[in-house]
Amino acid sequence: MKINFKKTKEKYEEMYKVGNVIKDENNVLYLITTNVDDGYSIVDLNNNRVFGTYKTLEDLYINIGDEADKLINVEINEI
């Protein structure tokens, strides 16, 4: 059996970019953002709180990424 971790990692890593909204297995929505420390944060959109802060997108992916996460197509409309 051959397991190709690189291919799987790239697929999920691509979801974790600034501006993307991710839905986890509990249907919680998270927004990937930049922060004032030149790093990246994840914002829980259910309560508008910062869930975690990381130096790189790779750190963010390693710490919070999950194969069950889904990239959500969102649209922001001006009121």
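Is asparagine 27 buried or exposed? Asparagine 27 is exposed, at a relative accessible area of 52%. Exposed means over 50%, buried under 20%, partly exposed in between, with a 1.4 Å probe and protein chains only.

A word on the source. This is a predicted model, where local features need pLDDT of at least 70, side-chain atom pairs count only at pLDDT 80 or more, and totals for chains, interfaces and linings use all residues. Residues are numbered from 1 along each chain as its sequence is written, and side-chain values use heavy atoms, with hydrogens and water left out.

Back to the loops. Asparagine 27 sits between strand S1 (21-23) and strand S2 (29-34). Strands are DSSP runs of E, at least two residues; helices are runs of H or I, at least four; both are numbered from the N terminus. Phi of asparagine 27 is near 65 degrees. Most residues other than glycine have a negative phi. Asparagine 48 also has a positive phi, about 60 degrees. Its loop joins strand S3 (40-44) and strand S4 (49-54). Asparagine 48 is exposed too, at 63%.

Now helix H2, residues 57-64. Leu60, Tyr61 and Ile64 are buried.

Last, the largest nonpolar core. The term covers buried Ala, Val, Leu, Ile, Met, Phe, Trp, Tyr and Cys joined through side-chain atoms within 4.5 Å. This core has eleven residues, including Met15, Ile22 and Tyr54. H2 gives the most, with three residues.
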